[in-house]
Amino acid sequence: MNATHVCLSACLVIAAAHPLSAHHSFAAEFDVNKPVTLTGAVTKVEWGNPHIWVYMDVKDERGVAQPWQCEGGAPNTLTRNGWSKDSVKTSEQITIYGYLAKDGSKTCNLRTVTLPGGRTVFAGTSAPEK
Amino acid sequence: MNRLAATTLVVFLAVPAAIRAFGQQDFKPPTGPTPRTASGRVDFSGVWEKPYVPDMSKDGKGQQGAPDLPFTPWGEAEWKTYDAANGDYTGACLPFGMTRSMNTPEPMQFMQSDKYLGFLFEQNSWFTVVPIDGREHRKGEATWFGDSVGHWEGDTLVIDTVNFNGKTRLDTIGHPHSDQLHLTQRFSRPDLGHITYEVIVDDPKTFTKPWKNVRTLWLRPDWEMMEYSCEENNKSLWEGRIKVPKYKP
């Protein structure tokens with residue numbers, strides 16, 4: 001197996017992770033050219049339409065916890081893809097990969113969430129393929 | 001394995017392995033003959049998975065798009081000046097309209113009688129009920145979903161829709177249409193598990209000639225429709241990151 005073979009098989013699975021929401025245009029709120037990775041403690045999860053929201057405290061470079069809020073897919077389609085409202089729990093330490101909001105606030109759109117056990121799950125972004 | 005290959009292995013296996021664990025399983029629609037109603041018509045009833053079509057000019061799984069859309073100068077200008085950040089009616093939970101409702105990744109259910117076909121969209125729990133007994137279009141005010149009537153051409157059900165209010169977009173990426181939009185949707189069911197769907201877009205103000213998409217819908221007997229209240233927690237609108245379009249009076 002070489003790198004090309006790995007990428008071919010793995011990338012197909014990534015491609016199979018279809019967007020789980022079309023409530024609004026991704027570009028209306030978020031910037032696909034501003035990806036972000038954040039690690040922090042979950043403070044709240046809102047499991048409701050049109051999107052779930054995960055709130056987390058993320059320490060800045062001075063070690064001060066900053067509150068972030070990140071939008072996931074729609075709960076209906078997340079449910080059909082194996083999620084439940086308990087998939088991400090308050091106080092858990094998670095890492096998210098997503099995209100920043102255009103308005104400069106501490107808001108993002110979730111592509112993946114890495115859970116405490118190390119498992120990474122697709123969180124339903126509607127970001128366009130790049 | 002060299003360092004580059006090893007790095008690639010870690011990076012690309014970490015995410016997909018997890019997506020597999022938490023993600024959607026492979027699904028195969030049921031097999032069998034085309035079901036029919038008591039009166040002998042093709043029966044489209046059921047919960048259906050649709051391809052997500054954010055851009056009707058592109059191909060995708062279960063979707064043949066229409067590349068090089070034939071814009072008129074008016075349509076070209078509408079397309080080139082569109083920026084969802086200046087106003088996104090779907091983000092404001094306003095009605096998606098017919099094409100954008102058919103384009104969503106959320107499923108839909110058809111409920112059918114001899115006189116009507118009900119389109120039950122999970123997206124925002126909207127519905128539209130279409131007479132399919134061959135009657136003429138109603139006269140009335142223009143609406144978000146337009147006025148639809150249906151007739152049969154053999155085993156194909158043809159839904160004709162006009163009288164749109166022009167406040168919607170054709171797809172998520174924002175392809176435009178005008179209030180002169182005329183949609184033709186053709187539904188056939190070659191077997192139990194599939195619908196073949198064609199949508200023909202005819203809008204002389206926006207396009208110089210009609211164009212179409214061809215799609216496959218998959219029967220999902222393992223799914224039931226779920227409530228979807230768009231207004232429940234629409235934080236992005238409330239906090240000002242999504243704006244309501246400024247429609248001309």
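## Exercises on a predicted two-chain model

A nonpolar surface patch of about 290 Å² is formed by Tyr116(B), Phe127(B) and Val129(B). Such a patch joins nonpolar side chains (Val, Leu, Ile, Met, Phe, Trp, Tyr) within 5 Å, from residues with over 30% relative accessible area and no salt bridge; areas come from the Shrake-Rupley method with a 1.4 Å probe. The model is predicted: local features need pLDDT of at least 70, side-chain atom pairs count only at pLDDT 80 or more, and totals for chains, interfaces and linings use all residues. Residues are numbered from 1 along each chain as its sequence is written, chains are lettered from A in the order in which they are written, and side-chain values use heavy atoms, without hydrogens and water.

**Exercise 1.** Locate Tyr116(B) and classify its accessibility.

*Solution.* Step 1: Tyr116(B) belongs to strand 4 of chain B, residues 116–121; strands (E, at least two residues) and helices (H or I, at least four) are DSSP runs, numbered from the N terminus. Step 2: the relative accessibility of Tyr116(B) is 34%, which counts as partly exposed, the class between buried (under 20%) and exposed (over 50%).

**Exercise 2.** State what the salt bridge between Arg36(B) and Asp155(B) ties together.

*Solution.* Step 1: a salt bridge requires a side-chain nitrogen of Lys or Arg within 4 Å of a carboxyl oxygen of Asp or Glu; here the N to O distance is 2.7 Å. Step 2: Arg36(B) lies in the loop between helix 1 (3–22) and strand 1 (46–49) of chain B, and Asp155(B) in the loop between strand 6 (147–153) and strand 7 (156–162), so the pair links parts that are 119 residues apart in sequence. Step 3: Arg36(B) is partly exposed at 43%, and Asp155(B) is partly exposed at 40%.

**Exercise 3.** Determine whether Asp88(B) and Arg100(B), which form a salt bridge, are buried or exposed.

*Solution.* Step 1: the closest N and O atoms of the pair are 4.0 Å apart. Step 2: Asp88(B) sits in the loop between helix 2 (73–80) and helix 3 (98–103) of chain B, and Arg100(B) in helix 3, so the pair connects parts 12 residues apart in sequence. Step 3: both residues are buried.

Definitions and conventions
Patches are made of residues with over 30% relative accessible area and no salt bridge: like charges are joined within 9 Å, nonpolar side chains (Val, Leu, Ile, Met, Phe, Trp, Tyr) within 5 Å. Buried means under 20% relative accessible area, exposed over 50%, partly exposed in between (1.4 Å probe, protein chains only).
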